[in-house]
Amino acid sequence: MQVDAVVLDIDGVLVDVADSYRRAIIESVDRVCGKTVDREGVQAFKNAGGFNNDWELTDAAALFVLARREGLRMDVEAFTDRIAADDEGGIEAAKRVVGDLPSVAQARVRDQWDTEHLREVFQALYLGEELYRELEGGDPPVSSSGYIHDEPTLVDPETLADLTDRFDVGVLTGRPAAEAEIALERVGLDVPEEHRITMDDPEAGKPDPEGLVALAERFDAERVAFAGDTLDDVRTARNAACEDESRVYYGIGVLTGGLTGKDGRHAFSAEGADAVLGDVNGLVDLLESSDD
């Protein structure tokens, strides 16, 4: 697979977020709503699409829990299947599913759905008290040592050295810029700010191709590989190929996020992934420079 540039997701690709972001989703909903979804439920939302932003996934999971309390007769699989079938997907689709409830029950759900408090609790759990005060300002609503410190690295230093030596390397992530910087420092990947697109940038989030196309333009690359751990990452590459026919975009799935094993490999392949790797280190053997 010959390319000029490599774009990497962070979560589930460079660092393992099973006990950080995903744990924060589950526990935030539990603390605010008194009930929550499990890890399989979180993955079901991810697979449904439109949840590049984990705050919005947290909001959607809370919406599901509250709607169930008010009488919505769906399990998480049925709820997320409806989201997946919606053309828009994401949080707006989740709101439309809740529209199945009678109007009075919908009003009760809206009254209990406190997205601002969910975000504050999420950030407090994820960042911990010290980083919360530094990045968010003020005192955290709950005490936590910070799940951000529980993110093992998934990429070898030798892999990063090889990729940065042979290709232009960029990052496309749903993390806020400050949290992306922390992860990149942890793995030892030096990416200039102009080669990063995060939640804080104006480009639309995945699976919208805007961010990936923007990075390809900044690199002046003709052939781009994008490696991610979710179906939306592969969809982003496919959407970029449709929008920007002047370039070739490869979508590569890695099995170190929520999608794993044979089922994960099948899900990526069914979504049109150009390759599926056990982990990001497999890029070294998969990719060749277009100059070779």
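Two rings of Phe, Tyr or Trp (its six-membered ring) count as a pair if their centres lie within 6.5 Å, and planes under 30 degrees apart are called stacked, over 60 edge-to-face and the rest tilted. By this rule there are 6 aromatic pairs in the predicted model shown above. Local features here need pLDDT of at least 70 and side-chain atom pairs pLDDT 80 or more, while totals for chains, interfaces and linings use all residues. Residues are numbered from 1 along each chain as its sequence is written, and side-chain values use heavy atoms, with hydrogens and water left out.

**Aromatic pairs**
- Tyr21 and Tyr126 are a stacked pair, because their ring centres are 4.1 Å apart and their planes meet at 10°.
- Tyr21 belongs to helix H1 (residues 21-33) and Tyr126 to helix H7 (residues 115-135), so this pair ties together parts that are 105 residues apart in sequence. Helices (H or I, at least four residues) and strands (E, at least two) are DSSP runs, numbered from the N terminus.
- Tyr21 and Tyr126 are both buried; buried means under 20% relative accessible area, exposed over 50%, and partly exposed in between (1.4 Å probe, protein chains only).
- One aromatic cluster is formed by Phe45, Phe51, Phe64 and Phe79.

**Charges over rings**
- A charge sits over a ring if NZ of Lys or CZ of Arg is within 6 Å of the ring centre and within 35 degrees of the ring normal.
- Arg23 lies over the face of Tyr147, 4.0 Å from the ring centre.
- Arg119 has its charged end over the ring of Trp55, at 4.0 Å from the centre.

**Backbone details worth a look**
- Most residues other than glycine have a negative phi, and most peptide bonds are trans.
- Lys206 and Pro207 are joined by a cis peptide bond, with omega about 10°. Pro207 is in the loop between strand E4 (196-197) and helix H10 (210-219).
- Asp220 is not a glycine, yet its phi is positive, at about 55°. This residue is in the loop between H10 and strand E5 (223-228), and Asp220 is exposed, with a relative accessible area of 65%.

**Pockets**
- On a 1 Å grid over the protein atoms alone, a cavity is a set of points where a 1.4 Å probe fits but cannot get out, while a pocket is an open set with protein on both sides within 12 Å along at least five of seven lines; lining residues have an atom within 4 Å of a point.
- The largest pocket holds about 320 Å³ of space, and of its 20 lining residues Asn52, Asn53, Glu56, Gly205 and Lys206 are closest to its centre. Volume is the space filled by probe spheres set on the points, which are joined across faces, edges and corners.
- Helix H5 (residues 90-98) gives the most to the lining of the largest pocket, with 3 residues.
- The second largest pocket has a volume of about 220 Å³. Among its 13 lining residues, Arg22, Arg39, Gln43, Gly257 and Gly258 lie nearest its centre.
- Helix H2 (residues 39-48) provides the largest share of the lining of the second largest pocket, 4 residues.

**Overall build**
- The protein has 13 helices and 8 strands, and 53% of its 292 residues count as buried.
- Along its principal axes, the C-alpha trace spans about 65 × 40 × 35 Å.
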